[in-house]
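Hi,

Here's the structure I promised to pass along. Have a look at it first, and then read on for what turned up.

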Amino acid sequence: MAIDWYDEFVDLNYTPDSDEIICLFSCEPASGISMKEAAGRVASESSTGTWTTLFSLPPRMKALQATAFEIDGPYLKIAYPIGLWEEGNAVQLLSGIAGNIFGMKAVSHLRLIDATLPEAYLRHYKGPHFGMDGIRDMMGIKGRPLTGAVPKPKIGFSAAEHAEIGFETWMGGFDFVKDDENLTSTAFNRFEDRVIALAKQRDRAESLTGEKKSAFLNITADTETMKKRADLLVANGWNYAMIDVVVAGTAAVMTLRDYCSDLGLAIHAHRAMHAAFDRDPRHGITMQFLAKMMRLIGVSQIHTGTAVGKLVGTAQEAQVLADVLREKKTMGVPQMSLDQDWRHIKSAFPVSSGGLHPGLVPDVLDIYGDELVLLVSGGIHGHPDGTRAGAAASMQAIDAWHEGVTLEEKAAGSPELKRALEKWGSYQPK
């Protein structure tokens with residue numbers, strides 16, 4: 001008598017329907033398990049199967065069965081019928097294609113690389129409220145990256161100290177001041193105090209420069225507290241909220257997307273804790289898949305790395321991430337990503353941050369181009385002449401890239417950039 005029925009979930013001659021969700025995995029079967037057997041177990045566990053044959057099943061169950069249809073070395077593609085998925089519930093999607101399967105004994109390592117989301121699934125999502133063009137219109141910024149900085153160190157300043165550093169950042173030419181992932185509402189820097197203090201310095205900077213200034217203020221907490229903090233942001237004239245989207249969770253981000261949209265707030269998504277899931281190249285999920293999910297559920301921008309700063313990630317990975325967020329249609333990259341047509345879903349900005357300074361700015365722009373949010377934090381506050389000079393040096397480095405001249409050539413007439421290069425050169429922190 002047959003015990004398991006995993007082989008019924010593998011058909012290498014199967015052609016997926018246009019409305020099926022296609023997932024790309026890399027898989028290392030456990031000892032004694034073939035790749036085909038492992039594929040069947042993954043498809044089974046994430047759809048209508050179980051570990052043993054059953055006494056009876058309704059005939060319609062066959063139409064809900066996932067099918068492993070392609071095996072190429074360690075790479076595996078599985079097609080999931082659209083009927084498996086609740087409309088507009090990204091949490092339930094993750095429970096299926098990124099759920100129990102990672103803990104199965106039949107696989108030593110399993111990595112969800114990407115998923116193609118068909119129109120039949122996308123139609124139930126709103127995506128980002130603004131899109132990149134809407135953000136640029138809101139800020140009045142054209143033809144260059146959006147720029148910002150975290151006061152450093154990332155935590156420890158009082159609200160007043162934080163706001164004063166923010167003022168210097170804005171006066172150096174930057175658009176945004178940013179909370180970092182672990183600054184929410186601490187005893188030495190309460191959220192309410194920081195919101196009010198920064199608003200006063202923002203108004204002062206706008207009056208002096210004639211430029212629009214803003215901030216990414218971290219509202220991360222339980223959902224109800226995040227709503228109250230979003231209300232406070234609007235009451236003080238802010239147009240952005242920041243959420244640590246991985247630790248807050250997909251459900252909370254979905255709720256806050258609509259709440260913030262009703263208030264006119266864009267969402268800056270920090271990816272804190274992402275590497276717990278995506279750093280191991282053999283197991284977990286990829287950053288490009290996380291970015292895809294965040295665009296789907298509606299953040300305005302999300303951190304994607306630098307390739308040249310202090311965080312892991314290659315230039316190719318950064319480019320794939322940028323395309324996932326920015327493009328209307330993307331063509332798959334073998335073993336890295338799948339095709340995606342976003343249809344009505346608006347674009348989101350990639351955010352490049354982590355160990356940058358003026359000497360690395362052209363390298364980042366070579367990878368991303370202008371359509372990004374560029375965060376240079378320690379690399380402005382550590383400038384020999386202070387934060388304002390460091391921000392100015394970074395803006396001069398952006399100008400040099402646009403003008404097609406080297407940083408050294410630009411520095412000849414830009415004293416702030418000259419001083420930055422004397423300290424850091426092209427140093428890449430580790």
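One definition before the rest: a residue is called buried when its relative accessible area is under 20%. Keep in mind, too, that this is a predicted model.

Since five of the five residues in β8 are buried, the strand is largely enclosed by the rest of the structure. Its pairing with strand β9 (residues 266–270) is parallel and runs over five bridges; Y240, for one, has A266 as its bridge partner in β9.

Is Q301 buried or exposed? It counts as buried, because its relative accessibility is 0%. If you set aside neighbours within four places in sequence, the residues in contact with Q301 are F216, Y240, I267, H268, A269, A348, F349, V351 and V373.

In soluble globular proteins, nonpolar side chains tend to be buried together. The largest core here has 80 residues, and the members that touch the most others are F25 and Y80. Helix α11 (residues 287–297) supplies the largest share of this core, with eight residues. A separate core of 28 residues lies apart from it, with F174, V364, L374 and V376 among its members. Back to F25: leaving out residues up to four places away in sequence, F25 touches a list that includes V42, P74, Y75, Y80, I97, L110 and I113.

Last stop is helix α17 (residues 415–424). Which of its residues are buried? They are L417, A420, L421 and W424. These four fall on the same side of α17, because they cover an arc of only 100° around the axis. What covers them includes α14 (378–381), α15 (387–403) and α16 (407–411).

Cheers

Conventions:
Residues are numbered from 1 along each chain as its sequence is written. This is a predicted model: local features need pLDDT of at least 70, side-chain atom pairs count only at pLDDT 80 or more; totals for chains, interfaces and linings use all residues. Side-chain values use heavy atoms; hydrogens and water are left out. Buried means under 20% relative accessible area, exposed over 50%, partly exposed in between (1.4 Å probe, protein chains only). Contact means heavy atoms within 4.5 Å. A nonpolar core is a set of buried Ala, Val, Leu, Ile, Met, Phe, Trp, Tyr and Cys residues joined through side-chain atoms within 4.5 Å. Helices (H or I, at least four residues) and strands (E, at least two) are DSSP runs, numbered from the N terminus. The arc is that of the directions from the helix axis to the C-beta atoms. Two strands pair if DSSP finds at least two bridges between them.
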